[in-house]
Amino acid sequence: MKSVKIKSPATIANLVCGFDVLGMALNDPQDVMQVTLSKEPGIRIQHNDIYNLPVIPEKNVAGVALLELIKELDNENGFDIVIEKHIKPGSGLGSSAASAAGVVVAANHLLGNIFSKEDLVRFAMAGEKLASGVKHADNISPCIYGGVTLIRSIFPLDIIPLPAPPMYVAVVHPQIEVKTSDAREILRKEVLLKDAIKQWGNIAGLVAGFMQNDYGLISRSLEDVIIEPVRSILIPGFDEVKKKCAAAGALGGGIAGSGPSIFMLCKEENVAKDVELIMKGIYDSIGLAYHSYVTTINNKGITIV
Ligand code: HSE
C-alpha cells in the first residue's frame, strides 16, 4: 500500500482588494495529512484533531474534493485519509481549502502525478462549494501553487502565480465565529461604478507592486472600498486594529478571507512584531479571546514531508 504525508498551508484570500481573485499562502499554520492508496474502493476519513468535523466523505471538504478526482479515474482505487488540523475551521485562514487541496495533491502524488495543478484546483473547489456554497479558488490556488496567485477566471480556470517581495504577515484571530456563507450573503449584489474603478485600480496596483517589489505601491493598493465596509462590521475592533497598525508602520492589511482573522503585511520583522503587540493590546482591552502570530509568505505551497 502506498502512503504519503503532506503539509498543507493556511492561506489569506482576497488580499484586501482582490475579492475572490487574489490569495497568498502562509508558512504558519499548516495542516498535516496522511493519505494511503487502498485496493478497497471508497474513502475513509479519520480526524486526529479537536474539531469534530464530519467524516462522511460527502459531508467532508476533503472527501468531496477527492470524490471529484476519483470520478476521473478509470480504476477502483480507494483512499484512507488521516487529517490533523492546525488551521482552525472558521478562522478565515483557508482551513477548508487546506483540507480539500491537501487531499487531492496527496492522491495525485500516489497516482503518479497524472493530473495538472489546474485539475487539482478544479477538484478542490468542490470542497469550497461544500464549505461556503460557492466555488472560489483564492485559497485553493495559493495553497497548491504557493506564494501569491491571481485567479483571473474560474470558468475556465486561469491561474497566474505572481512573484512577491519578502514580507512578514502579522495575524490576529479573534475567537468569534463568522461563517463564510453568511459573510457572502450580507454583501451587496451591485457596486457603484466609482467604487469599481477604485477597486480595479487597487487590484492592478497590488499586482504591479508585487511584481515590481514596490512596497509603497503595495501599501497604497491595500484598500477595499466594496467588501470590507460591509464585512468589517462583524469583527469587533477592526477599525482600531487597522488604524493603529498602519500608524506602527504596517504596509496595510484587512480581513483574512471572510474573517474573522485580520492580517497585516509588513516589510520588516520588527514592525510585524510591533503590529502583533498592538493587535493583542486591542483585543485584551476589548476582553475578547484571540490567537495571534507573525509568519511569512509560503512560496512552496503543499509539501510532501
Ligand atoms: N473570497 C472568499 C470570500 C474567501 O471572501 O468569501 C473565503 O475564504
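User: How many salt bridges does a search of the whole structure find?

Analyst: The search finds 13 salt bridges. The model is a predicted one, and each distance below is computed from it.

User: What makes the pair of Lys 85 and Asp 31 a salt bridge?

Analyst: The rule asks for a side-chain nitrogen of Lys or Arg within 4 Å of a carboxyl oxygen of Asp or Glu. The side chains of Lys 85 and Asp 31 meet at 2.3 Å, N to O. That value is within 4 Å, so the pair is called a salt bridge.

User: Which parts does the pair of Lys 85 and Asp 31 tie together?

Analyst: Lys 85 lies in the loop between strand E4 (78–84) and helix H2 (95–110), and Asp 31 lies in strand E2. The pair therefore links parts that are 54 residues apart in sequence.

User: How many salt bridges does the rule find across the interface of domain 1 and domain 2?

Analyst: The rule finds one salt bridge across that interface. As for the domains, the assignment gives domain 1 as 2–163 + 300–304 and domain 2 as 168–296.

User: What makes Arg 184 and Asp 20 a salt bridge?

Analyst: Their side chains meet at 2.7 Å, N to O. The cut-off is 4 Å between a Lys or Arg nitrogen and an Asp or Glu oxygen, so the pair qualifies. Both Asp 20 and Arg 184 are also among the residues that surround the ligand.

User: How do you know how much area domain 1 and domain 2 bury between them?

Analyst: Buried area is the accessible area that two parts lose on being put together, summed over both. For domain 1 and domain 2 the figure is about 2500 Å², with 66% of it on carbon and sulfur atoms. Val 16, Cys 17 and Phe 19 supply 27% of the area that domain 1 buries against domain 2, more than any other three residues.

User: How many residue pairs are in polar contact between domain 1 and domain 2?

Analyst: The count is nine residue pairs, with both residues at pLDDT 80 or more. On the side of domain 1 that touches domain 2, strand E1 (3–13) and strand E2 (22–38) are the elements that give two or more residues. E2 gives the most, with seven residues. By class, that side of domain 1 has 16 nonpolar, eight polar and three charged residues.

User: Where do cis peptide bonds occur?

Analyst: One joins Asp 28 and Pro 29, with omega about 0°. Pro 29 lies in strand E2. Another joins Phe 155 and Pro 156, again with omega about 0°. Pro 156 is in the loop between strand E5 (148–154) and strand E6 (157–162).

User: What is the phi of Asn 14, and where does Asn 14 lie?

Analyst: Asn 14 has a positive phi of about 80° although it is not a glycine. Asn 14 lies in the loop between E1 and E2, and is one of the residues surrounding the ligand.

Note on methods:
Residues numbered from 1 in each chain as written. Predicted model: local features only at pLDDT ≥ 70, side-chain atom pairs only at ≥ 80, totals over all residues. Heavy atoms only, no water. Domains from an automatic or database assignment. Buried area = accessible area lost by both parts, 1.4 Å probe. Polar contact = N/O pair within 3.5 Å; in protein donor to acceptor, adjacent residues only side chain to side chain. Helix = DSSP H or I, 4+ residues; strand = E, 2+ residues; numbered from the N terminus. Nonpolar A, V, L, I, M, F, W, Y, C, P; charged D, E, K, R; others polar. Near = heavy atom within 4 Å.
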